[in-house]
Amino acid sequence: MVSWHRLNGQAWWMVICLASFLVMEHAALAANTKKSAPDLGPTMRFVVVRNSAPGCEPTCPEWISAEGSIEAGTPALFKRTLKGLGGRKLPVVVDSPGGNVEAALALGRLLRKNKLDIAVGKTRFTGCQPDAKDCKENDGKGARYFGNAYAGGAICNSACPLMFAGGIRRVVGQWAFLGVHQITYIRTKLQYRTTYRVVGGKKKIVSKKIVGRKNAGSYKTYEMSKSVEKRLAAYLNEMGVGQAVLETMKNTPASSIQQLAPYDMLQAKLVTSLDAVDLLTAPTLCNTDPVAANCREIPAPAGDVVAYAKPAPAAPVEPETGQRADVGDMRFVLVRGRSFLCDPNCPEWISAEGMISAQTPERLRQLRDTIGDRRLPVVINSPGGDVLGALAAGRLIRERKLDVAVARTDFIGCEPDKVDCTAEDGVHVGLTIDASGACGAACPIMLAGGVRRLVGPRAQLTVHPIGLEQRVKTYLRDMAVGSGLLVAMRSVPASRHRQLEPEMMLKVGLTTGLGSADEFTGPTICKSQPMPENCRVVSTSEVQAEAAVKL
């Protein structure tokens with residue numbers, strides 16, 4: 001069609017033409033047809049979330065929940081979210097089936113430019129939901145959305161790992177799923193309106209505008225184009241990620257998905273540690289001084305001080321026996337690791353969680369008697385408690401020549417203290433999480449009893465004066481722990497706590513190395529020679545009888 005116009009004595013015409021060519025490439029989790037783009041569900045939305053854990057307020061961690069498929073306009077939405085934060089650096093918790101490759105690269109570069117951390121995880125919202133309209137449930141609470149982040153069932157597939165690679169700290173953990181595959185190429189037919197002007201008998205383009213788009217089908221292939229491969233290789237190199245990730249992408253059909261194992265991701269530097277989403281969102285991040293960058297204090301509303309305020313710290317007593325209302329007495333539970341990396345020969349340990357009391361040593365003794373001569377490491381997570389109880393428990397640990405590490409144990413299936421929670425042969429199933437482990441007040445005294453003692457770089461250990469100084473001094477000498485620990489305790493004002501850094505703990509002799517609980521409970525330790533004493537082979541029939549766990 002040709003239409004003529006005359007302006008200032010010049011001849012004009014417009015030609016509307018159709019041009020069909022490849023204009024975008026994106027990786028898709030699954031394409032069910034060769035004639036349409038894969039349906040990856042709702043587009044990614046970004047929501048700032050505040051941790052809703054009980055007792056968290058007034059200072060709680062916050063994060064950006066990023067859930068949905070990656071589309072061409074997703075980077076612009078992310079930029080808008082970051083602009084609204086005014087420079088605050090919040091970690092990103094992502095759950096995505098993938099999407100547009102170019103957009104994923106742009107998102108990764110935005111993460112790196114803004115120096116943000118990222119974890120694969122889902123967000124469970126409490127109160128107002130992101131898709132709810134006119135929700136007023138959280139009005140007056142200082143934040144729009146509240147919730148908690150968790151790893152189970154979360155995915156980062158297809159193009160999502162490219163976005164993920166841009167984070168500073170990058171974690172997936174054992175219970176989230178990160179997978180890659182070949183690229184699905186999508187053809188798009190574009191309809192242009194092109195305006196020409198004739199000058200001296202020659203056509204010159206005045207403007208060229210897209211007036212329509214139409215999907216022209218997609219195709220899957222094992223062959224990644226050289227230009228795309230070169231760009232992805234350069235991007236991963238820019239982000240400090242090994243090329244093994246790209247090789248796995250190239251070798252996996254677009255109609256399939258290849259999950260990357262935790263240790264493979266660590267080897268390829270796709271993750272920076274084997275931690276999970278808790279590393280970036282746990283409430284304990286805000287208990288340190290200084291607090292984590294993503295912690296924000298919200299003052300208590302007028303007339304609601306009691307609901308928000310944390311209990312005022314009491315002056316130290318002789319000995320410290322203060323009991324926190326939100327933490328029960330220490331329980332001891334036998335735990336077996338669960339992972340495809342170790343079955344049927346997985347590590348076992350003793351989980352010790354809760355407040356240390358006068359009854360703690362006897363409870364530990366009773367559990368030890370049930371396992372005979374087996375030496376299982378103790379994984380402890382405790383805010384402290386009774387000093388005399390900690391001294392006696394520490395001596396019992398040394399007497400039985402047990403190792404100790406600070407970490408939290410996450411149980412799979414059910415919590416041991418639930419009435420209907422039963423364990424096969426008295427052994428529960430779980431995994432240790434370094435980032436959520438804490439050991440404070442009298443807890444370091446109990447830790448000092450271990451033969452090998454580890455506090456990973458993501459766990460927290462805090463000290464302050466606890467009384468009974470002469471008895472503690474004698475005990476620490478017996479445990480070959482230097483007097484520097486007692487000096488560190490004395491240096492803290494009565495109303496404060498001091499977090500010790502890994503190098504400081506090693507220097508004063510409280511820890512015996514810079515490793516974490518993974519050295520005692522990691523799924524691959526049972527493959528080493530000699531095999532650690534806490535590894536136990538479960539018969540194939542027993543393994544098959546257990547409920548399947550999705551990784």
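Which residues of α1 are buried? Keep that in mind as you explore this predicted model.

**Stop 1: the helix.** Select residues 74-84, which form helix α1. Now highlight Thr-74, Pro-75, Phe-78, Thr-81 and Leu-82: these are the buried residues of the helix. Look down the axis of α1, and you will find that they fall within an arc of 115°, so they line one face of the helix. Next, colour Lys-79, Arg-80, Lys-83 and Gly-84, which are exposed on the other side of α1.

**Stop 2: what covers the buried face.** Show β3 (45-51), β4, β5 and α2 (101-113); these are among the elements that cover the buried residues of α1.

Stop 3: Select residues 59-67 for strand β4 and residues 92-95 for strand β5. Together with α1, these two strands make a right-handed β-α-β unit. β4 and β5 run parallel and are joined by 4 bridges. To see where they line up, pick Ser-65, which stands opposite Val-93 in β5.

Stop 4: Finally, show the side chains of β5. Val-92 and Val-94 lie on one side, with Val-93 and Asp-95 on the other. Are these four residues buried or exposed? They are all buried, and both faces of the strand are covered.

Note on methods
Residues are numbered from 1 along each chain as its sequence is written. This is a predicted model: local features need pLDDT of at least 70, side-chain atom pairs count only at pLDDT 80 or more; totals for chains, interfaces and linings use all residues. Side-chain values use heavy atoms; hydrogens and water are left out. Buried means under 20% relative accessible area, exposed over 50%, partly exposed in between (1.4 Å probe, protein chains only). Two strands pair if DSSP finds at least two bridges between them. A crossover is right-handed if, with the strands pointing away from the viewer, the path from the first strand over the helix to the second runs clockwise. The arc is that of the directions from the helix axis to the C-beta atoms. Contact means heavy atoms within 4.5 Å.
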